[in-house]
Amino acid sequence: MAPQISPSSSPSANCHHHHNPSQAPSQAAEPINFNIMVIVAAMLCAVVCALGLNSMLQCVFQCTHRAITEPRQWVVSRRLNSGLKKKEMIALPTATYATSGSSPSSSSAAGCAICLLDFIDGDEIRLLPKCNHRFHVACIDQWLPSHSSCPTCRHRLKSNIDLDQIVTAL
């Protein structure tokens, strides 16, 4: 005798996977939440890029405006803040360090503010004339080609005569 298949005994009816209506919305919500996260992340990136571009453009416009409206002052300030020439550096006084009889470790004058090492007897030091700060010759000679000020107090080493020469040359 052949088995009879009733409508209730069909393979689809025997399947134990019942479709739960509460699972459908959560499965559909996951792609929506992911899409929203991607959109929010893209918008955040766009805002950050826009702020960066805005800052850069403001800087460019301010520098351009300053260079156009105040060309002499801009050129003078750029030249004054540039480094010293080799002949100007060599003209600065040098000395050989020797400990004085008083207190060798007193204050910051006992060491080089660039390399942070204390001076020892026999070190070649360079004395900046306007502020009297002392540095190892090798240290200050690396600083001065790109800076025209004292590394400690930022006192300008170029005189006002240089300023007058620059302005009259323009």
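Colleague: Is Arg-126 buried or exposed, and at what relative accessibility?

Modeller: This is a predicted model, in which local features need pLDDT of at least 70 and side-chain atom pairs count only at pLDDT 80 or more, while totals for chains, interfaces and linings use all residues. Residues are numbered from 1 along each chain as its sequence is written, and side-chain values use heavy atoms, with hydrogens and water left out. Buried means under 20% relative accessible area, exposed over 50% and partly exposed in between, with a 1.4 Å probe and protein chains only. Arg-126 therefore counts as buried, at a relative accessibility of 6%.

Colleague: Which backbone oxygen does the side chain of Arg-126 reach?

Modeller: Contact here means heavy atoms within 4.5 Å, and, leaving aside residues up to four places away in sequence, Arg-126 touches several residues, among them Met-89, Pro-93 and Phe-135. At 2.9 Å, its side chain reaches the backbone oxygen of Leu-92.

Colleague: What is the mean pLDDT of the protein?

Modeller: The pLDDT is the predictor's confidence in each residue, from 0 to 100. Of the protein's residues, 64% reach 70 or more, and the mean pLDDT is 76.

Conventions
A polar contact is a pair of N or O atoms within 3.5 Å; within protein, one must be able to donate a hydrogen and the other to accept it, and residues adjacent in sequence count only if both atoms are side-chain atoms.
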